[in-house]
Amino acid sequence: MDYRTDAPPILRDFLTYHEAIQGHSKKTVDEYFLDLRNFFRFIKIEKSKVSRTAEFESIDISDVDLELIRSVTLTDVYSYMNYLSRDRAQRPNSDQTGYGLKATSRARKVAAIRSFYKYLTNKAKLLSENPMQDLDAPRTKKSLPRYLDLDSSIQLLESVDGPFQERDRCILTLFLNCGVRISELIGLNVTDVRGEQLRVLGKGNKERILYLNDACIRAIQEYLAVRPGQQAIDKNALFLSRRRTRISKAAVEKLVKKYLTKAGLDSSQYSPHKLRHTAATLMLQNGVDVRTLQELLGHENLNTTQIYTHVDNENLRLAAKANPLASVKLSQKKDSGMEPGSED
């Protein structure tokens with residue numbers, strides 16, 4: 001889909017800014033457009049620019065201009081959030097859809113609205129004040145990341161066999177040791193391996209360098225020794241499929257599920273992203289500080305990394321036991337005869 005053909009000029013400039021200047025991927029920018037398109041469809045209904053009986057998915061936003069954008073208030077946005085939480089179809093093109101979006105989905109849409117108005121105020125200078133300055137995002141439930149413990153991680157690696165075992169073991173080793181994202185892994189090229197360093201292209205086309213431990217170096221060397229480089233269709237791709245093309249996201253997800261099942265682990269509870277969680281958690285539990293972990297994982301915001309500080313951590317137990325009050329036993333006071341709730 002080419003969002004530029006459907007977006008009004010003011011929105012198109014915003015999308016171009018994010019893609020060309022901020023370096024966001026086309027997929028991320030497309031999501032910005034889809035979120036803002038639905039928002040302004042709702043606003044056009046609220047401001048009586050179209051009939052309330054109009055089919056929502058067919059409302060054209062190409063005529064959205066600065067005047068309409070400037071007229072939007074926080075009350076309008078909260079009305080939109082209410083619509084999303086109660087009446088918005090979860091799958092608009094399905095007859096079996098439910099209604100009402102989860103808080104995480106609504107929070108993403110708030111982020112798009114915030115970003116758009118911040119751009120108009122601070123970058124494009126089309127608004128003198130940002131009407132969305134105090135816009136609150138829906139509260140989302142913060143769940144702790146699911147991860148494998150050390151024994152289960154070893155079990156998973158030892159389950160690898162078959163004609164592609166060197167490749168598959170290398171993939172699992174990078175997930176569990178480096179915490180790479182699946183998009184980063186499938187995007188790796190042969191030239192990204194530089195001795196004990198691995199060049200990774202992360203979100204927003206941001207490059208970072210990861211240092212490889214002995215297990216990773218050994219796994220890469222064993223894979224490169226059997227990688228069919230001469231017959232490769234994509235000669236740059238580090239990880240090749242059985243058809244000699246760059247391995248796909250679906251293929252990696254499938255092989256992870258396969259080996260999880262083979263290792264006797266619950267494949268419905270884990271995924272490549274959970275292996276990234278595993279790497280982060282194991283490193284944190286073994287002395288890596290949260291700032292270093294942030295850089296290693298490629299997190300832009302430290303808050304994203306700090307979720308790993310809340311997992312079951314042996315260091316936290318040791319810290320609690322180290323408190324000198326931990327071993328103090330208090331003597332029981334004898335009943336003084338005072339009534340419950342009375343004070344001295």
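How many nonpolar, polar and charged residues does the lining of the second largest pocket have, by class?

A: The lining of the second largest pocket has 14 nonpolar, five polar and two charged residues. The model is predicted, and the values that follow are computed from it. The space in this pocket comes to about 500 Å³. Among the 21 residues that line the pocket, Leu-176, Asn-177, Cys-178, Asn-213 and Met-283 are the closest to its centre. Several elements each supply at least two residues of the lining: helix H6 (150-158), helix H7 (165-178), strand E3 (207-211), helix H9 (214-224), helix H11 (272-285) and helix H12 (290-297).

The packing of helices may be considered next. Two packed helices are described by the angle between their axes and by the distance between those axes. For helix H1 (residues 9-21) and helix H2 (residues 26-46), the axes come within 9 Å and cross at roughly 155°. H1 is therefore roughly antiparallel to H2, because an angle over 145 degrees counts as such. The crossing in which H1 passes H2 is right-handed. On the H1 side the contact is made by Leu-11, Phe-14, Leu-15, His-18 and Glu-19, and on the H2 side by Lys-26, Val-29, Tyr-32, Phe-33 and Leu-36. By class, this contact of H1 with H2 has seven nonpolar, one polar and two charged residues.

H1 also packs with helix H5 (residues 103-123): their axes come within 11 Å and cross at roughly 90°. H1 is therefore roughly perpendicular to H5. Here Ile-10, Leu-11, Asp-13, Phe-14, Tyr-17 and His-18 in H1 meet Ser-115, Phe-116, Tyr-119, Leu-120 and Lys-123 in H5. The contact of H1 with H5 has, by class, seven nonpolar, two polar and two charged residues.

The remaining pair is H2 and H5, which pack at an angle of about 90° with their axes 9 Å apart. That angle makes H2 roughly perpendicular to H5. H2 contributes Glu-31, Tyr-32, Asp-35, Leu-36, Phe-39 and Phe-40 to the contact, while H5 contributes Arg-108, Lys-109, Ala-112, Ile-113, Ser-115, Phe-116 and Tyr-117. By class, the contact of H2 with H5 has eight nonpolar, one polar and four charged residues.

Definitions and conventions. Residues are numbered from 1 along each chain as its sequence is written. This is a predicted model: local features need pLDDT of at least 70, side-chain atom pairs count only at pLDDT 80 or more; totals for chains, interfaces and linings use all residues. Side-chain values use heavy atoms; hydrogens and water are left out. Axes are lines fitted to C-alpha atoms, for helices over the stretch in contact, and angles run from 0 to 180 degrees between N-to-C directions. Helices (H or I, at least four residues) and strands (E, at least two) are DSSP runs, numbered from the N terminus. Angles under 35 degrees count as roughly parallel, over 145 as roughly antiparallel, 65 to 115 as roughly perpendicular and the rest as oblique. A crossing is left-handed if the near helix is turned anticlockwise from the far one by less than a right angle, and right-handed if clockwise. Contact means heavy atoms within 4.5 Å. Ala, Val, Leu, Ile, Met, Phe, Trp, Tyr, Cys and Pro count as nonpolar, Asp, Glu, Lys and Arg as charged, and the others, Gly among them, as polar. On a 1 Å grid over the protein atoms alone, a cavity is a set of points where a 1.4 Å probe fits but cannot get out, and a pocket is an open set with protein on both sides within 12 Å along at least five of seven lines; lining residues have an atom within 4 Å of a point. Grid points are joined across faces, edges and corners, and a volume is the space filled by probe spheres set on the points.
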